[in-house]
Amino acid sequence: MRTETPPLIRLEDYRPSAFLIDRVDLDIRLDPHAARITAELALRPNPEGDADAPLHLDGDDLTLVAIDLDGAGVAPGDLTVEPSGLTLRNPPRRPFVLRLVTQVDPTANTKLMGLYRTDGVYCTQCEADGFRRITYFLDRPDVMSVYTTRIEANREEAPVLLGNGNPVEAGPVGEDRHYAVWHDPHPKPAYLFAIVGGRLGKVETTFRTMEGRDVTCAVYVEPGREDRAGYALDAVIRSMEWDERAFGRAYDLDVFNVVAVSAFNMGAMENKGLNIFNDKYVLAVPDTATDADYAAIEAIIAHEYFHNWSGNRVTCRDWFQLCLKEGLTVFRDQEFSSDMRSRPVHRIGEVRSLRARQFPEDAGPLKHPVRPNAYAEINNFYTATVYDKGAEIVRMLRTLIGGAAFRAGMDRYFADNDGTAATVEDFLAAFATVTGRDLSAFARWYERPGTPKLSASGRYDPAARTYTLRLAQILTVEGPPLVIPVALGLVGAKGPMTDVTCAAVTDGVFILDRDEAELVFENVAEEPVPSLLRDFSAPVRLDLSLTDEQRLRLLARDSDPFNRWQAAQDVAMRLILDPDPARAEAFAEALGTFLDGEALADPAFAALVLALPTEGEAADSLPSDVDPDAIHQARRDLRARLGRALRPRLERIDASLSSGKEAYSPDAASAGRRALRNAALDLIAAGDPQAGAALATQRLDAATNMTDRLAALATIAQIPGEAREAALTAFGERYAQEPLVLDKWFAIQATIAEPETLDRIARLKAHPAFSMTNPNRVRALVGSFSMANPTQFARADGAGFALVADVVKALDSTNPQVAARLLTAFGSWRRLEKNRRVAAAEMLNRIKAVPGLSRDVADILGRTLK
Ligand code: PHE
Ligand code: ZN
């Protein structure tokens, strides 16, 4: 069997469903190997659908035990059952009830889609198309139904039984079984369905909504881990409060449950009233979780909760509209985190991750519009482009129309589309209505793949006291121009030039909606440095040539924190790509002045200024012939130089931030101090590895929390020697019983930039805590290697590619989604220098030769090789 390129599903082929399902009654009997699902579906013809169509219900990996229609049998001649579903050739053209009994094996379900069992806990994952692995159904998001779910299980095995909506009834069944009934009054698509059954501990509290509803909020975790669930529960409450305050959205059920499970393909899932989480994004105590973990938990709890409105109350008509819920919800969770933490620091973090993940995707073979127009496997479209660029589009829309109009448009969107399955057009229509503006040109952002380039150049005329700025947009695909909000200002020797005027700029923003434009600033007293794209006002690559001196003026004087940070990044990037000792010294001096002036006033920001562009970012800035070793060496040299030049300051910072004995708190200010102190340690070590290893060892011993301990371990891990091996061994032993901590330990070792790392990974694959069936373990060891160890993954001898390719092949038959995701690491292979490129192609072709590849892997492979 030869793997074919899987067929495409196209947006233009969208047709309303021929049938609708108003009501779903489920009776689910849990059993480790033979779970029985009885589904009663109240169907009726869709007045908007094809009146003569047969009834086709999707199915996947199901055993059909029984079927009847309005209580009577279905004639065998009328029914076809295939692996992809069942078809009723002559369905009634009036409302009818179909009763289906199916059987599935939750233990054998290694795809983690549908009903599965992890560490003895039953759970479900239905987005995007997992419900069809539970029963036959119209498994598409525009079919919305009211669900009542009865769950029955052995009481010992599953004392806790959870479903969507509100609990209505529970009780014993015979000697050793029991049941619970849940009813969800809000019509929803099948992808939001969920149940959980298991032995679980919980923490809970109540929240009173602005509408006066008392909501019981609970976080369920493995028994004995309840002390690790408190932060997540607190984040739930803060999310509920925030969505009321910021968007006027209240929660709409009596209970809100979050359940942590150990095997999960993604981060978390927004099932109605029953969010199911990868335990990595729930469990946290200072001894096991870092500041970054706390921040991620807060953000993902918020994200899933916010989906209750942006995703659940208003859902997507079809999967092409995925950004409608994901881009919008990422934007909402970013705003939440910005309000909870430092807004500029958070913005810099968002942009770093956009550049690390979305820019390369948008420049490589897997590029696609934020709203794709065709897909072979929808699970491959939960991408940085849909999520993060999708969020940037919403942010630009707000910049374009202003905060008040944006809020009014959101209210309108929710009001007009509540209870429906909507499209990107519906979203934009709400804003067009409240502003009276034509947003059709802006809408091009959803259609156009590729990262636009914004090229800028300026000319100062001292006699006329004018500054002329030329802006041009260069798109990666032909077509009419995009609407690009460019937040900007001019910076003089003493700081922002507040007296200058420019008619085309409103509230500090110029809207570039043509191919190019010329802006004339008047009353410009001295030659300015332009500060463009403040706060990263659009997801574009800025092409503006400034001298280091001009950039360092921005670092020192700009009022926009993002561009201050960006200026330091730009200087550093140039030094990585084109090393120059004299310029490096000047950069070090400017950083020194910066640190003296304000490091302690805003440590989180200072830590970001000290973090140089990553190797990946440097590679992404090159058009071709990327040599990861050269980038690595250049970056290392620059860091060494900075570490030496700044040594006294870094030591002072280290000393003045040395935490006393106060208890750990995950708040942003405390986290910022730890971040700066750990950045200082890492830079000291870059300049003087011997001293760095000694200091890191000390810090490792003295650490009172995982943030400091892991930072010290990461520093020491890049310095070969006895100290490193001892530290790694001790850490591994100390946390032998903590899988989520071992994930960090796996990742640190997988990202050591040395040839021996391959052997290390081979050894770690045999570690008792490693498992190919747990996605977190695989991502920690193999995903980190492929995504964050460019010199070893892209080795010229091909051994790094081979390592990842072997895991992709091994995983494809058990968990194709995770396999496909791992494979995306090859996305930039064509831009590598020749030897590496040839090696990558060989490995990709070896995967291609495997018979019977999953659609997930075949799709990524086909596009990557195209
Ligand atoms: N909808 C989830 C989220 O973004 C992501 C997800 C997709 C989870 C598919 C599981 C499966 O919040
Ligand atoms: Zn989401």
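In which sense, left-handed or right-handed, does α9 pass α10? The crossing is left-handed, a crossing being given this hand if the near helix is turned anticlockwise from the far one by less than a right angle, and the right-handed label if clockwise. The structure is a predicted model, in which local features need pLDDT of at least 70, side-chain atom pairs count only at pLDDT 80 or more, and totals for chains, interfaces and linings use all residues. Residues are numbered from 1 along each chain as its sequence is written, while chains are lettered from A and ligands numbered from 1 in the order in which they are written.

Helix packing is considered next. Two packed helices are described by the angle between their axes and the distance between the axes. Helices (H or I, at least four residues) and strands (E, at least two) are DSSP runs, numbered from the N terminus. Axes are lines fitted to C-alpha atoms, for helices over the stretch in contact, and angles run from 0 to 180 degrees between N-to-C directions. Angles under 35 degrees count as roughly parallel, over 145 as roughly antiparallel, 65 to 115 as roughly perpendicular and the rest as oblique.

Helix α9 (residues 561-577) and helix α10 (residues 581-598) have axes that come within 10 Å and cross at roughly 155°. The two helices are therefore roughly antiparallel. On the α9 side, V571, A572 and L575 meet R583, A584 and F587 of α10, where contact requires C-beta atoms, placed from the backbone, to lie within 7 Å. This contact of α9 with α10 has 5 nonpolar, no polar and 1 charged residues; Ala, Val, Leu, Ile, Met, Phe, Trp, Tyr, Cys and Pro count as nonpolar, Asp, Glu, Lys and Arg as charged, and the others, Gly among them, as polar.

Helix α9 also packs against helix α13 (residues 628-645), at an angle of about 125° and with the axes 8 Å apart. The pair α9 and α13 is therefore oblique, and its crossing is right-handed. Here A572, L575 and I576 of α9 meet I631, A634, R635 and L638 of α13, a contact with 6 nonpolar, no polar and 1 charged residues. Helix α13 in turn approaches helix α15 (residues 668-687), the axes coming within 7 Å and crossing at roughly 105°. That angle makes α13 roughly perpendicular to α15. The residues involved are R639, A640, L642, G643 and R644 of α13 together with L683, I684, A686 and G687 of α15, and they divide into 5 nonpolar, 2 polar and 2 charged.

The sheets are described in terms of strand pairing. Strands of a sheet pair through backbone hydrogen bonds, either parallel or antiparallel; two strands are taken to pair if DSSP finds at least two bridges between them. An open sheet of 8 strands with mixed pairing has the order β6-β5-β9-β3-β2-β12-β15-β14, and its edge strands, β6 (72-73) and β14 (166-173), each pair on one side only. Within this order, β2 (residues 19-29) and β12 (residues 144-154) pair in the parallel sense over 7 bridges, with E152 in β12 as the bridge partner of R29.

An open sheet of 3 strands, with antiparallel pairing, has the order β4-β8-β7. Its edges are β4 (55-58) and β7 (79-82), each with a single partner strand, so one side of each is left without a neighbour in the sheet. Neighbouring strands of this sheet are turned by 15° against each other on average, direction ignored. Strands β7 and β8 (residues 85-88) pair over 4 bridges, and T80 stands opposite T87 in β8.

Strand β25 (residues 453-461) pairs in the antiparallel sense with β26 (residues 466-474) over 9 bridges, L454 standing opposite Q473. These two strands form a hairpin with 4 residues between them, and R465 in the turn has a positive phi of about 50°. Strand β25 also pairs in the parallel sense with β32 (residues 541-544) over 4 bridges, where R541 is the bridge partner of K453.

Of the 13 residues around ligand 1, E127, M266, M269, E270 and Y382 come nearest; a residue is near a molecule or strand if its C-beta atom, placed from the backbone, lies within 6 Å of it. The elements giving two or more residues to this shell are β20 (268-269) and α2 (291-306). The shell divides into 5 nonpolar, 4 polar and 4 charged residues. A cis peptide bond, with omega of about -10°, joins E127 and A128, and A128 is found in the loop between β11 (121-125) and β12.

Conventions. Contact = placed C-beta atoms within 7 Å.
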